[in-house]
Amino acid sequence: MGADSRDFTLDISERFFHLTTESLRLHSNSTKCYQTLENLVNSRVPGIEKIDDEDAENLKRHLVAVPTGGSIQIHLEITETSAKNLERIKELLETRLETNISVGDALSALLFNYIVEQRAARVISKLQLDEFDQPRETGPFKGSRH
């Protein structure tokens, strides 16, 4: 990337690795373009700022269920702006979660938040499709499918 980027090397758990690959799969499918972890982080860092207390409880459970540290090494080169935003997110999450976390934990929370949003969007989309797939209750076409 160059001078306006920052490199991170993280030793992550297998569960965290699976979280990264699932996030990339969803992001690639959503954008219809192969994505990298760097692209995903650069596009998502600002989105996690809106977490509320319920989200904070879910993130606490997530960080217990998906430990950050492990033996799989990943390299991440993100823009300097995204790196600063990731550090800001780390600080925000430390305040919200009332505990110290690592940059890796902040990244894990960011990816978890992304997957939750993607899953929610799929459910909403499916519900909207199902609404039109159900038999009509009134009118001349009652009980028929269109």
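1. Lys90 and Glu94 form a salt bridge, with their closest N and O atoms 2.9 Å apart. A salt bridge here is a side-chain nitrogen of Lys or Arg within 4 Å of a carboxyl oxygen of Asp or Glu. The two residues lie in helix 4 (residues 80-97), 4 residues apart, about one turn of the helix. An α-helix has 3.6 residues a turn, so residues three or four places apart point the same way. Both Lys90 and Glu94 are buried. Buried means under 20% relative accessible area, exposed means over 50%, and partly exposed is in between (1.4 Å probe, protein chains only).

2. On sources: this is a predicted model, in which local features need pLDDT of at least 70 and side-chain atom pairs count only at pLDDT 80 or more, while totals for chains, interfaces and linings use all residues. Residues are numbered from 1 along each chain as its sequence is written, and side-chain values use heavy atoms, with hydrogens and water left out.

3. The chain holds 5 helices and 2 strands, and its elements run β-α-α-α-β-α-α from the N terminus on. Helices (H or I, at least four residues) and strands (E, at least two) are DSSP runs, numbered from the N terminus. Of the 146 residues in the chain, 37% are buried. Among contacts in the chain with a separation of 6 or more, 82% are between residues 24 or more positions apart. Contact means heavy atoms within 4.5 Å.

4. How do helix 1 and helix 2 pack, and at what angle? Helix 1 (residues 14-31) and helix 2 (residues 37-44) pack at about 75°, and their axes are 10 Å apart. That makes helix 1 roughly perpendicular to helix 2. Angles under 35 degrees count as roughly parallel, over 145 as roughly antiparallel, 65 to 115 as roughly perpendicular and the rest as oblique. The axes are lines fitted to C-alpha atoms, for helices over the stretch in contact, and the angles run from 0 to 180 degrees between N-to-C directions.

5. The residues that meet are Thr20, Ser23, Leu24 and His27 in helix 1 and Leu37, Leu40 and Ser43 in helix 2. By class, this contact of helix 1 with helix 2 has 3 nonpolar, 4 polar and no charged residues. In this scheme Ala, Val, Leu, Ile, Met, Phe, Trp, Tyr, Cys and Pro count as nonpolar, Asp, Glu, Lys and Arg as charged, and the others, Gly among them, as polar.

6. Ser23, in helix 1, counts as buried at 0% relative accessibility. Leaving aside neighbours within four places in sequence, Ser23 is in contact with Leu40, Leu111, Tyr114 and Ile115.

7. In helix 2, the residues Leu37, Glu38, Leu40, Val41 and Arg44 are buried. They cover an arc of only 165° around the axis, which puts them on the same side of helix 2. The arc is that of the directions from the helix axis to the C-beta atoms.

8. The salt-bridge count comes to 6. Glu22 takes part in a salt bridge with Arg25, the closest N and O atoms being 2.6 Å apart. Arg25 and Glu22 are 3 residues apart in helix 1, so about one helical turn separates them. Arg25 is partly exposed at a relative accessible area of 36%, and Glu22 is partly exposed at 21%.

9. The side chains of Glu22 and Arg119 also meet in a salt bridge (2.6 Å, N to O). Glu22 lies in helix 1 and Arg119 in helix 5, so the pair ties together parts that are 97 residues apart in sequence. Arg119 is partly exposed, with a relative accessible area of 34%. Elsewhere, a network of salt bridges links Arg6, Glu80 and Glu87.

10. Leaving aside neighbours within four places in sequence, the contacts of Ala106 are Leu86, Lys90, Leu93 and Ile101. Ala106 and Glu87 are 19 residues apart in sequence and 8.0 Å apart in space, C-alpha to C-alpha.

11. Lys32 has a positive phi of about 60° although it is not a glycine. Lys32 is in the loop between helix 1 and helix 2 and counts as exposed at 73% relative accessibility. Glu98, also not a glycine, has a positive phi near 60°. Glu98 lies in the loop between helix 4 and helix 5 and is exposed, with a relative accessible area of 69%.
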